[in-house]
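Please read it alongside the sequence and the structure.

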Amino acid sequence: GMVVGQSDFCARAAAEAMLMRDAFAVLFFVSVGMMFDPMSVGDCWPLALATLGVVMIGKPLAAYVVVRCLRRPVPLVLSVSVALAEFSFILAGIGLMYNILPPDANQAIILAAVVSISLNPILYRQIGPAVKWLQKRGIGFADPGGVNSMALPAPDARRVGAFLRGY
């Protein structure tokens with residue numbers, strides 16, 4: 001990827017990779033649809049609501065704390081909070097396989113993930129207005145990095161780097 005990204009074929013490779021990304025996105029949503037049992041919504045809605053609360057409130061709060069501890073700016077914090085991927089399907093599958101989760105919990109996780117995946121684009125569009133609202137009030141913008149605080153810090157010249165190669 002790094003070699004192609006630095007070559008003249010970068011745009012062509014990116015365009016061809018978009019087709020695969022779209023195919024995998026379709027496959028993902030078809031597989032989620034196959035896992036979801038609409039008849040279980042009536043039985044597991046309290047658990048699904050609690051799970052959705054953890055996903056939509058707990059996950060962004062945890063991401064906020066981690067990214068702010070890394071001294072990153074608020075716009076990046078908000079982007080990371082909203083854009084974290086949903087890996088709950090894998091964890092739910094492992095929980096079912098080892099009989100840790102009951103089937104109702106699996107359906108609650110799937111329902112919460114479907115709702116959160118549906119809400120994330122709406123929330124992501126609100127990042128810009130939220131940043132402007134926070135800037136007006138001066139909340140969370142005491143970043144020492146200034147204009148380039150979104151960029152990673154420059155490497156320390158005194159540190160020695162290492163290159164590891166494996167099989």
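**Notes on the predicted model**

1. From the N terminus on, the elements of the chain run α-α-α-α-α-α-α.

2. The pLDDT of the chain averages 74, and 75% of the residues score at least 70. Over residues 160–167 the pLDDT is below 50, and this stretch has zero contacts in the model beyond near neighbours in sequence. Residues 143–155 also have a pLDDT that stays under 50. For residues 143–155, however, the model has 14 contacts beyond four places in sequence.

3. Some totals describe the chain as a whole. Of its 167 residues, 24% are buried. The accessible surface comes to about 12,600 Å², and carbon and sulfur atoms account for 70% of that area. Among contacts between residues at least 6 apart in sequence, 73% join residues at least 24 apart.

4. Helix α5 spans residues 88–97 and helix α6 spans residues 103–125. The two helices pack at an angle of about 175 degrees, with their axes 10 Å apart. Because angles over 145 degrees count as roughly antiparallel, α5 is roughly antiparallel to α6.

5. Which residues make the contact between α5 and α6? On the α5 side they are S88, F89, A92 and L96. On the α6 side they are P103, N106, I109, I110 and A113. By class, this contact of α5 with α6 has seven nonpolar residues, two polar residues and no charged residues.

6. A further point concerns T51, which lies in helix α3 (residues 41–69). Is T51 buried or exposed? T51 counts as buried because its relative accessibility is 18%, and the cut-off for buried is under 20%.

7. The surroundings of T51 can also be described. Not counting residues up to four places away in sequence, T51 touches A108, I109 and A112. Of these, I109 is also one of the α6 residues in the contact with α5. The C-alpha atoms of T51 and A113 are separated by 8.7 Å, although the two residues are 62 residues apart along the chain. A113, like I109, is among the α6 residues that take part in the contact with α5.

Conventions:
Residues numbered from 1 in each chain as written. Predicted model: local features only at pLDDT ≥ 70, side-chain atom pairs only at ≥ 80, totals over all residues. Heavy atoms only, no water. Helix = DSSP H or I, 4+ residues; strand = E, 2+ residues; numbered from the N terminus. Buried < 20%, exposed > 50% of the residue type's maximum accessible area, 1.4 Å probe, protein only. Contact = heavy atoms within 4.5 Å. Areas by Shrake-Rupley, 256 points an atom, 1.4 Å probe, with all protein chains shown as cover. pLDDT = per-residue confidence, 0-100. Axes fitted to C-alpha atoms, helices over the stretch in contact; angles between N-to-C directions. Parallel < 35°, antiparallel > 145°, perpendicular 65-115°, else oblique. Nonpolar A, V, L, I, M, F, W, Y, C, P; charged D, E, K, R; others polar.
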